Amino acid sequence: MTQTLNKMRLMLRTINPTGSNHSGSVIFLHGSGDTGPNLIEWIRFLLGRDMEFPHIKIIYPTAPLQPYTPLNGQMSNVWFDRRTISIDAFECRKSMAEIYEDIHEMINAEVSAGVPLDRIIIGGFSMGGALALHTGYHLNTDLGGVFACSSFLNHDSIVYESLRNRTTPGTPLPELLMFHGDRDNLVPSEWGKESFDNLVKLGVEGSFNILPNAFHELKKRELLDLQEWILTKLPALDDNDE
C-alpha cells in the first residue's frame, strides 16, 4: 500500500499485518539516496520474502528530495543534510528539525489509529538509523524500541544533550538494537560502537552486534535477528487485551 499523510512531505509504503488484528507498528527508515520501495525490495531479496507479521504493520517512508552537501549539493532522497560523513562533523540541526516534524506526524498517525506509543518501534539503515536514534532518544522516549543498522551519532549530537538533560532520569528508555559490519568502509564500526557506548552511559539499554565480513550493507542474518527482536518487543496481544 502507498499513501501520503495530509501534511507530510513523505510517501509511505506499508506492509500490512497478515492477520486481522493490528496491534503494533514498525517504522523502517532507508539510508541516504534510497527510497522506501527500494528498501522493501532489498529486504525481499535477502529474505526471499517480505518482512511481515500477523499483527504488526511495517512502514517504509521515502525521505524528501533535497540538496545534500556530501554530494556537492546534488539533489538526493535524504532525511537531513550533513556537512560531511564524519563522526567529528557538527550536526545540521536546522535540517534535522525539519524532518522531526514529519516523524512526529507519522508516529501521531499510528497513535490516532489506536497503536500505543510503546507498541511503535522505529529503526533504519545508515542515515535512517541515525534518525531513528534521534527519534527514540531525543524526540519521543516513550516508544517501544529503536534499531540502527550501520549507523552512528556525531560527537556533538543533540541526542546526547537531550539525554543528559532529562527531567525524569529514572524512567526507562526504549531498548536499542544495533548492528554494524566489521568491514564497513563508509561508516566504520568504531563509530557505531562509540555511539552505542555513549548512549549506554546515558541510560540506554540494548545490544551492539558486529556482523562478520559485512560491508555497509544489510545481511540476511541481521534481518532474521531483527525480526525476532521485534516480536519480543511487540508480541501478539490477546483479543481481550486490545
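Does serine 157 count as buried or exposed? With a relative accessibility of 2%, serine 157 counts as buried, where buried means under 20% relative accessible area, exposed means over 50%, and partly exposed lies in between (1.4 Å probe, protein chains only). Serine 157 is placed in the loop between β8 (145-149) and α4 (158-164); helices (H or I, at least four residues) and strands (E, at least two) are DSSP runs numbered from the N terminus. When residues up to four places away in sequence are not counted, serine 157 touches Glu91, Arg93 and His134, contact meaning heavy atoms within 4.5 Å.

## Basis of the model

This is a predicted model, in which local features need pLDDT of at least 70 and side-chain atom pairs count only at pLDDT 80 or more, whereas totals for chains, interfaces and linings use all residues. Residues are numbered from 1 along each chain as its sequence is written, and side-chain values use heavy atoms, with hydrogens and water left out.

## The annotated span

In an unreviewed entry, UniProt lists residues 15-231 as "domain: Phospholipase/carboxylesterase/thioesterase"; UniProt positions are given in the numbering used here, feature names are shortened, and annotations may be inferred rather than shown by experiment. The span of residues 15-231 is 35% helix and 21% strand, and its end C-alpha atoms lie 16 Å apart.

Strand β7 (residues 120-125) has 6 of its 6 residues buried, so it is largely enclosed by the rest of the structure. Both faces of β7 are covered, with Ile120, Ile122 and Gly124 buried on one side and Ile121, Gly123 and Phe125 buried on the other.

Strand β3 (residues 24-29) pairs with β7 in the parallel sense over 5 bridges, pairing being assigned if DSSP finds at least two bridges between two strands. Within β7, isoleucine 121 is the bridge partner of valine 26. β7 also pairs with β8 in the parallel sense over 5 bridges, and here phenylalanine 125 stands opposite cysteine 149 in β8.

## Helix α3 against helix α2

Helix α3 (residues 127-139) and helix α2 (residues 93-112) have axes that come within 11 Å and cross at roughly 75 degrees; axes are lines fitted to C-alpha atoms, for helices over the stretch in contact, and angles run from 0 to 180 degrees between N-to-C directions. α2 and α3 are therefore roughly perpendicular to each other, a term for angles of 65 to 115 degrees, while those under 35 count as roughly parallel, those over 145 as roughly antiparallel and the rest as oblique. By class, the contact of α2 with α3 has 7 nonpolar, 4 polar and no charged residues, with Ala, Val, Leu, Ile, Met, Phe, Trp, Tyr, Cys and Pro counted as nonpolar, Asp, Glu, Lys and Arg as charged, and the others, Gly among them, as polar.

From α2, Met96, Ile99, Tyr100, Ile103, His104 and Ile107 meet Leu131, His134, Thr135, His138 and Leu139 in α3. α3 is mostly covered, 12 of its 13 residues being buried, and the buried residues include His134, which serine 157 also touches.

## Helix α1 against helix α6

Helix α1 (residues 36-47) packs on helix α6 (residues 220-233) at an angle of about 100 degrees, with the axes 9 Å apart. That makes α1 roughly perpendicular to α6. Ile43, Leu46 and Leu47 in α1 meet Lys220, Leu223, Leu224 and Gln227 in α6, and the residues of this contact divide into 5 nonpolar, 1 polar and 1 charged.

Glutamine 227, in helix α6, is buried with a relative accessible area of 11%. Leaving aside neighbours within four places in sequence, glutamine 227 is in contact with Leu47, Arg49, Met51, Glu52 and Phe53.
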